[in-house]
Amino acid sequence: MTLNNDEDLERLKEIGRICANAIQVMAGAMEPGMTTAELDAIGRKVLEDAGARSAPELCYDFPGATCISVNEEVAHGIPGTRVIQAGDLVNIDVSAEKNGLFADTGASFALSPVKPQIERLCRDGKRAMWVGLNEVKSGKPLAAIGNAIGAFARKNRYTLVTNLASHGVGRSLHEEPTEIATWPDKHEKRRMTEGMVFTVEPFLSLGAQWAEGGDDAWTLYSEPRAPTVQYEHTVVVTRNGPLVVTLPG
């Protein structure tokens, strides 16, 4: 999607805000002893109360309103009977549609007691996302995003999952530009243009380099198994830099 009018921008900001609010409410309600299905129901209510529809359900018949991934699960975790425990690392990924436009956002949370190593991973995962976002500007190469995140990861002795990429979003959940690497990719030759809409979502890890499937059709696991976090915003490219639309309010 390329934004070319203020009306579309306001609609995109609205659905972005709804998705961000859902994550904020879910994170505030999350506690040991609740199931991921119970947490998902909280997110679903936020979306429905705002007149939005779950994008994974709408586009892919995903069995849940949101994706909730715990510990060894790195993405697309199915809400269900799994009980969230003290000390767990939980990723919440919310994407939704309203008035024909989609937004996508995600964040990782550690439940107390939190090991210092995991606390640092969460802090640096969010930093890695912003390192990438700060490269967003019309005319710049898309590769600048992955190059900057890769340099950050190397400097701080992390790995990046290199088969889960950022993507275009707007009129559908996944669209052009497809497969935007959040790691250095020498084959990436595309450039950012004014109004382009996409996500920035690095998967920063303490050792994982890949995401692999498991027993169900959705859940992805870290390979090798290692604590991994994901932080994600939907962003609009402008000549002045990034315009993040997935902020709560």
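# Pockets, sheets and a buried strand

The largest pocket has a lining of 27 residues, and H76, D104, H167, H174 and E201 are the ones nearest its centre. This is a predicted model.

**Largest pocket**

- The space in the largest pocket comes to about 500 Å³.
- Six elements are listed as giving at least two residues each to the lining of the largest pocket: α3 (55-60), β2 (67-70), β3 (73-75), β4, β7 (166-168) and β8 (175-180).
- Sorted by class, the lining of the largest pocket holds 11 nonpolar, 10 polar and six charged residues.

**Second largest pocket**

- The volume of the second largest pocket is about 310 Å³.
- Its lining is made of 18 residues, and I23, G106, A107, F109 and H233 lie nearest the centre of this second largest pocket.
- Two or more residues of the lining of the second largest pocket come from each of α1 (6-29), β5 (101-110) and α4.
- Of these elements, β5 gives the most to the lining of the second largest pocket, with five residues.
- The classes in the lining of the second largest pocket are 10 nonpolar, six polar and two charged residues.

**Cavity**

- One cavity of 30 Å³ or more is found in the structure.
- The largest cavity holds about 30 Å³ of space.
- The residues that line the largest cavity are S69, N71, E73, L89, V90, N91, S108 and T228.
- Strand β4 (residues 89-98) supplies three residues to the lining of the largest cavity, which is the most from any element.
- The lining of the largest cavity is made up of five polar, two nonpolar and one charged residues.

**Open sheet β3-β12-β11**

- Three strands in the order β3-β12-β11 form an open sheet, and their pairing is antiparallel.
- The edges of this sheet are β3 and β11 (210-213); each has a single partner strand, so one side of each is left without a neighbour in the sheet.
- From one strand to the next, the twist averages 55°.
- Two bridges join β3 to strand β12 (residues 220-223) in the antiparallel sense.
- E73 has Y221 in β12 as its bridge partner, and E73 is also among the residues that line the largest cavity.

**Open sheet β6-β10-β13**

- Another open sheet has three strands in the order β6-β10-β13, with antiparallel pairing.
- Here β6 (159-160) and β13 (228-230) stand at the edges, each with a single partner strand, so one side of each has no neighbour in the sheet.
- β6 and strand β10 (residues 203-205) run antiparallel and are joined by two bridges.
- Within this pair, L160 stands opposite L204 in β10.
- Helix α4 (residues 116-133) lies across β10 and β13 and runs at about 145° to β10.

In general, the strands of a sheet pair through backbone hydrogen bonds, and the pairing is either parallel or antiparallel.

- Strand β14 (residues 233-238) is largely enclosed by the rest of the structure, because six of its six residues are buried.
- Both faces of β14 are covered: H233, V235 and V237 are buried on one side, and T234, V236 and T238 are buried on the other.
- H233 is also one of the residues that lie nearest the centre of the second largest pocket.
- Strand β9 (residues 197-200) runs antiparallel to β14 and is joined to β14 by four bridges.
- The bridge partner of V197 in β14 is V236.
- Strand β15 (residues 241-244) also pairs with β14 over four bridges in the antiparallel sense.
- T238 has G241 in β15 as its bridge partner.
- A hairpin is formed by β14 and β15, with two residues between them.

**Residue I42**

- I42 is located in helix α2 (residues 36-49).
- The relative accessibility of I42 is 25%, so I42 counts as partly exposed.
- Apart from neighbours within four places in sequence, I42 is in contact with V25, M26, A29 and M34.
- M30 and I42 are 12 residues apart in sequence, and their C-alpha atoms are 9.5 Å apart in space.

Terms used
Residues numbered from 1 in each chain as written. Predicted model: local features only at pLDDT ≥ 70, side-chain atom pairs only at ≥ 80, totals over all residues. Heavy atoms only, no water. Pairing = 2+ DSSP bridges. Contact = heavy atoms within 4.5 Å. Axes fitted to C-alpha atoms, helices over the stretch in contact; angles between N-to-C directions. 1 Å grid on protein atoms, 1.4 Å probe; cavity = no way out; pocket = protein on both sides within 12 Å on 5 of 7 lines; lining within 4 Å. Points joined across faces, edges and corners; volume = space filled by probe spheres on them. Nonpolar A, V, L, I, M, F, W, Y, C, P; charged D, E, K, R; others polar. Buried < 20%, exposed > 50% of the residue type's maximum accessible area, 1.4 Å probe, protein only.
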